[in-house]
Protein chains: 2
Amino acid sequence: MADYTLYYWPIPFRGQFVRSVLAHVHAEWDEKTFEEIQAMRCASPDEQPVPHVGPPVLIDRAADVSIAQTEAILTYLGRKHELIPGDLVLEAFTHKVIADANDVLYEMTRYNGAQMWSDATWADYQPRLTRWMQIFEDTGRRFGLTPESGSLLGTAEIGIADLTAHILWGTMTTCFPTLRAVLDDNAPALAGLSDRIGALPDQAELQRKSNGNEWCSGQIEASLREVLS
Amino acid sequence: MADYTLYYWPIPFRGQFVRSVLAHVHAEWDEKTFEEIQAMRCASPDEQPVPHVGPPVLIDRAADVSIAQTEAILTYLGRKHELIPGDLVLEAFTHKVIADANDVLYEMTRYNGAQMWSDATWADYQPRLTRWMQIFEDTGRRFGLTPESGSLLGTAEIGIADLTAHILWGTMTTCFPTLRAVLDDNAPALAGLSDRIGALPDQAELQRKSNGNEWCSGQIEASLREVLS
């Protein structure tokens, strides 16, 4: 029996943050099919293992616990596997990094595809996207991060904040390679951190198993690819 | 000297979640002016006390710590003042409740006003809004919440999850009274919890000090009021 069961579409996007932690702690997990995810998502709240609007949902099978919302799943895994610092400020900053990543996902997909990108709206967005990169960069720099060494929050071991930063920026720039130069220009220490984490065997294997270069999928991914081409 | 300084616009919306906790722990705080918030928001990340895109930002003055992102601020205050359960699952559920609330704020404002409501889009949204109410209701029911008694996660004392649920649904339905009947129909135990918390002297005083019935302000609030009228 797998340690965990993940309900998430077969794309990176939000699910990859969870997969990254599971891979990092060498957990075994299985994933449900599109039909199973859809059936659970559409069930009434009182019939769901945990009341939710959308995936990801993670089930810890030995503990018989189901958690929804990426932030809550990362909290659960992070505390269980000691990947969130006990220090009050560093713990809060871990949640800041998760919340920042969540905002970037919403903005890059224009709120889960509520609107599509045009050349004009994408151009308007660029200062804000680079500002997000600088915010991660500056956070890391304050804790001693350099392009060659360090972690996002200055911890000796990599934790949820580092994995989150890697999955956000590393996965995004792998799926959309033209954004890599923007990341290098605006956030060289962040790019270096992401590369170091991406080179760890578990993370490299996770990336290899991804379905090609898909990121968020759907019309909004097509729209992103069009403005980036 | 105040214990905390809050940077947030003079409206409830995201800032009220922070104010609610500060009031609950009897902290003294001051708030910055619109011009001061705007100046800090527009500074470059390396000149900000904490790198961020937008408020709220909370400064713990004795500790000389600045935190951005509502989720991170609630984590900081919740851990510092022991308002987040130590139990692994209840802690994760606290973060689920915060993330759910954040999603509802984004949806109700069509992602911070990126689009305006029309009668048609508002009508389309109603099943999803009531589903969010049911999700909070069902979460509470699983932990023993009834219209008359209990807390959202079954804790003996009210915590961050309860205050968050109250500020989300109680403040929203106070600012938009026509939504109160929808809440009562879909989530009577949640409505009862919110009323009990709202009747606590500190929370009642916070509500009295709010600027009239304003919620998120701006064109999106005007749009909400129009579809609700």
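Reader: Which residue in β2(B) is the bridge partner of B:Thr5?

Author: This is a predicted model. In it, B:Thr5 has B:Asp30 of β2(B) as its bridge partner. The two strands, β1 (residues 4-7) and β2 of chain B, run parallel and are joined by three bridges.

Reader: In what order do the strands of the sheet in chain B stand?

Author: In a regular strand, side chains alternate between the two faces of the sheet. Now this case. The open sheet of chain B has four strands, in the order β2-β1-β3-β4, with mixed pairing. β2 (29-31) and β4 of chain B each have a single partner strand, so one side of each lacks a neighbour in the sheet. On average, neighbouring strands here are turned by 20° against each other, direction ignored.

Reader: Do β3(B) and β4(B) pair in the parallel or the antiparallel sense?

Author: Antiparallel, over four bridges, with β3 spanning residues 57-60. B:Ile59 stands opposite B:Ser66 of β4(B). The two strands form a hairpin with four residues between them. In the turn, B:Asp64 has a positive phi of about 55°.

Reader: How many residues of chain B are in contact with chain A?

Author: The size of an interface is often given as the accessible area lost when the parts come together. Here we count residues instead. On chain B, 34 residues are in contact with 34 residues of chain A. β4 (65-68), α3 (70-80), α4 (88-108) and α6 (119-142) of chain B each supply at least two residues of that side.

Reader: Which element of chain B gives the most to that side?

Author: α4(B), with 10 residues. The residues of chain B's side divide into 18 nonpolar, seven polar and nine charged.

Definitions and conventions:
Residues are numbered from 1 along each chain as its sequence is written. Chains are lettered from A and ligands numbered from 1 in the order in which they are written. This is a predicted model: local features need pLDDT of at least 70, side-chain atom pairs count only at pLDDT 80 or more; totals for chains, interfaces and linings use all residues. Two residues are in contact if their C-beta atoms, placed from the backbone, lie within 7 Å. Ala, Val, Leu, Ile, Met, Phe, Trp, Tyr, Cys and Pro count as nonpolar, Asp, Glu, Lys and Arg as charged, and the others, Gly among them, as polar. Two strands pair if DSSP finds at least two bridges between them. Axes are lines fitted to C-alpha atoms, for helices over the stretch in contact, and angles run from 0 to 180 degrees between N-to-C directions.
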